[in-house]
Number of protein chains: 2
Amino acid sequence: MEKGLIKAIETAESIAIFPHTSADGDAIGSSLALALALKKTGKKVIVYMEESIPDTYKFLPGSELAVFISENDDIMGLNIALDTGDTARLASRAALFFKAPATINIDHHITNTKFAQYNHVDASAASTGELVFLLLKEMNYEIDADMAKCLYTAIVTDTGGFKYGNTTAETHRTAAELLSTGIDVADLSQKLFDNTTFVKLKLTQKAIELLELYENDLLAVTVITQDVLQSTGAKDEDCDGLVNIGRSIEGVEVSVLIKEKSTNEIRVNLRSKTYVDVSEIAAAFGGGGHKRAAGCTIKGRITDVKEQLINTIKDKLKRR
Amino acid sequence: MEKGLIKAIETAESIAIFPHTSADGDAIGSSLALALALKKTGKKVIVYMEESIPDTYKFLPGSELAVFISENDDIMGLNIALDTGDTARLASRAALFFKAPATINIDHHITNTKFAQYNHVDASAASTGELVFLLLKEMNYEIDADMAKCLYTAIVTDTGGFKYGNTTAETHRTAAELLSTGIDVADLSQKLFDNTTFVKLKLTQKAIELLELYENDLLAVTVITQDVLQSTGAKDEDCDGLVNIGRSIEGVEVSVLIKEKSTNEIRVNLRSKTYVDVSEIAAAFGGGGHKRAAGCTIKGRITDVKEQLINTIKDKLKRR
């Protein structure tokens with residue numbers, strides 16, 4: 001890792017960490033782990049969130065370091081963006097990010113725009129958590145069980161439980177080191193993956209009912225309207241992971257979850273299995289992501305959005 | 001590992017490997033990996049199955065070495081039981097097992113009865129696959145990608161994708177070594193975990209519908225009758241994993257899947273989260289397994305079996 005980047009961290013007395021908006025397990029886990037490690041050295045550290053931490057991750061150590069800009073918009077000595085591909089993912093915090101005298105950007109998205117003063121982007125890493133793990137080791141910080149819990153969460157969520165193609169031998173070696181700190185994997189896995197509620201199960205039941213197959217069963221499409229959410233009593237965040245149902249069907253190459261956020265705003269999640277690069281599809285609608293997992297937000301009516309998406313994906317499915 | 005055990009393998013010219021009846025990913029994966037390794041040294045090797053390999057595992061390298069006793073009941077120089085806690089798990093093959101001049105038993109079940117001439121039982125291992133991995137290393141066999149696929153399958157299925165409490169740092173270090181052989185984790189995970197069919201999805205939908213909670217929502221019970229299977233078009237093996245739906249609900253400690261095999265034969269799968277030892281419950285009905293995952297087969301009518309199970313589990317739930 002660049003010497004300037006490490007020196008910037010070592011010399012800063014106050015540091016704010018910026019995970020991306022709609023923060024996921026990797027963004028939150030890597031941010032909290034880094035915050036805990038830096039705090040242990042006596043620095044003033046906060047994690048600037050765009051939204052509150054999702055319920056699933058609230059149990060993580062270091063959650064108490066998370067604040068909103070509205071609560072505290074002090075200018076810190078150093079701002080570090082984690083898992084953030086571009087400044088759009090900083091959302092309303094973008095202006096504040098650049099006010100610090102020094103800025104760092106650590107990320108594993110291949111599309112990263114290197115927007116900070118020091119940029120460490122490694123697309124070969126399965127998660128930003130692994131990059132923070134290496135940073136802490138390089139800086140000779142001892143990784144305790146609390147930090148290990150956060151980093152394990154980062155890794156396990158971004159690799160789909162070590163199942164996605166981004167998982168490497170290095171990912172498992174890192175997991176082995178994190179487990180050596182004595183973390184309770186069963187407890188952690190249960191909190192991260194086995195935290196279904198009856199409401200979520202009923203939403204799953206509904207999603208299976210609504211799932212449609214197109215293009216000789218290569219494409220699975222699930223449309224979740226506001227009506228569906230209301231009828232099951234489910235929240236927006238309960239839809240997380242529903243896109244994987246379609247992906248799990250034998251023979252399906254692309255799975256799309258089309259979720260009505262409001263009458264005119266549609267959130268789209270895309271997953272593929274072997275050959276379609278869904279980041280290209282997401283990019284065509286102003287979004288981004290990885291080859292096998294991407295997303296975008298589209299303005300429009302849900303029926304129109306569905307048709308546009310199917311037409312775009314149809315083309316990609318042919319180019320095998 | 002015992003020198004006698006290794007010598008028995010080295011000197012045998014013909015070897016039969018016996019995975020347990022109703023073979024799972026660990027039994028099949030460890031058996032095929034060992035068979036492939038031994039065959040490479042020029043030995044005559046077969047894997048004696050009680051039933052045919054389940055569809056999910058048919059893609060594994062070495063599947064062609066699997067035979068039934070009816071097809072070939074030659075007495076081999078050495079018989080090796082893998083992942084087999086006692087001779088009952090050898091089912092109809094038990095008599096043949098003891099006819100060989102030498103017998104070996106390699107297993108990770110704490111309840112193993114050490115029924116063979118050479119017994120290597122290590123309950124600290126998450127899977128028998130890990131024990132076969134160590135055996136191959138100790139014997140200086142090179143683990144190629146085909147063997148690695150089988151061993152990875154063994155490990156990943158018995159640890160629930162590295163999620164169960166039996167997962168250790170050693171498990172991840174073994175996975176790292178297996179990945180280094182160049183196996184395609186995404187492809188393998190997809191075949192092992194993302195192989196749902198529409199029929200299975202519809203069965204899942206039905207299982208969610210039928211799930212009942214008891215004992216202040218600490219106990220989840222799902223009853224799958226022959227009628228349910230027939231109405232969804234699902235097969236018996238499609239029920240694999242359904243017990244985890246109940247376990248995944250926040251607050252549930254024990255999940256039970258009660259499956260009607262025939263009018264008078266009920267198969268029961270048990271899972272627990274933190275404190276109930278379900279192997280004790282299974283043992284009370286003549287079955288066995290581990291603390292967090294166990295099973296038994298009960299003769300009787302499904303409604304009676306359900307009542308008996310709920311009463312037995314009720315007691316265990318109180319002893320927190």
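Student: Which residues is Asp26(B) in contact with, leaving aside its neighbours within four places in sequence?

Tutor: Ground rules: this is a predicted model, so local features need pLDDT of at least 70 and side-chain atom pairs count only at pLDDT 80 or more, while totals for chains, interfaces and linings use all residues. Residues are numbered from 1 along each chain as its sequence is written, chains are lettered from A and ligands numbered from 1 in the order in which they are written, and side-chain values use heavy atoms, with hydrogens and water left out. Contact here means heavy atoms within 4.5 Å. With those sequence neighbours set aside, the list for Asp26(B) is Asp83(B), His108(B), Ser127(B), Thr128(B), Gly129(B), Ala154(B), Thr157(B) and Asp158(B).

Student: Which side chain of opposite charge is nearest to Asp26(B), and how far away is it?

Tutor: Asp26(B) sits in helix α2 (residues 25-40) of chain B; helices (H or I, at least four residues) and strands (E, at least two) are DSSP runs, numbered from the N terminus. For charge, Lys and Arg count as positive and Asp and Glu as negative, with His and the chain ends not counted. Buried means under 20% relative accessible area, exposed over 50%, and partly exposed in between (1.4 Å probe, protein chains only), while a salt bridge is a side-chain nitrogen of Lys or Arg within 4 Å of a carboxyl oxygen of Asp or Glu. Asp26(B) is buried yet has no salt bridge, and the nearest side chain of opposite charge is Arg89(B), at 9.8 Å.

Student: OK, on to the two chains. Which three residues supply 18% of the area that chain B buries against chain A?

Tutor: Buried area is the accessible area (1.4 Å probe) that two parts lose on being put together, summed over both. Here 40 residues of chain B are in contact with 40 of chain A, and about 3400 Å² is buried between them, 64% of it from carbon and sulfur atoms. The trio that supplies more of chain B's share than any other three residues is Lys163(B), His172(B) and Ile208(B).

Student: How many salt bridges are there between chain B and chain A, and how many residue pairs in polar contact?

Tutor: A polar contact is a pair of N or O atoms within 3.5 Å; within protein, one must be able to donate a hydrogen and the other to accept it, and residues adjacent in sequence count only if both atoms are side-chain atoms. The salt bridge count between the chains is 0. For polar contacts across the interface, with both residues at pLDDT 80 or more, the number of pairs is 7.

Student: Which residue caps the N-terminal end of α7(A)?

Tutor: The buried residues of α7(A) (185-193) are Val185(A), Leu188(A), Ser189(A), Gln190(A) and Leu192(A), and their cover includes α5 and α6 of chain A. At the N-terminal end, a side-chain oxygen lies 3.3 Å from the backbone nitrogen of Ala186(A), and the capping residue is Asp184(A).

Student: How far apart in sequence are the parts that the pair of Asp144(A) and Lys40(A) ties together?

Tutor: The structure holds 27 salt bridges over all chains, and one of them joins Asp144(A) and Lys40(A) at 2.8 Å, N to O. Asp144(A) lies in the loop between α4 and α5 of chain A and Lys40(A) in helix α2 (residues 25-40) of chain A, so the sequence separation is 104 residues.
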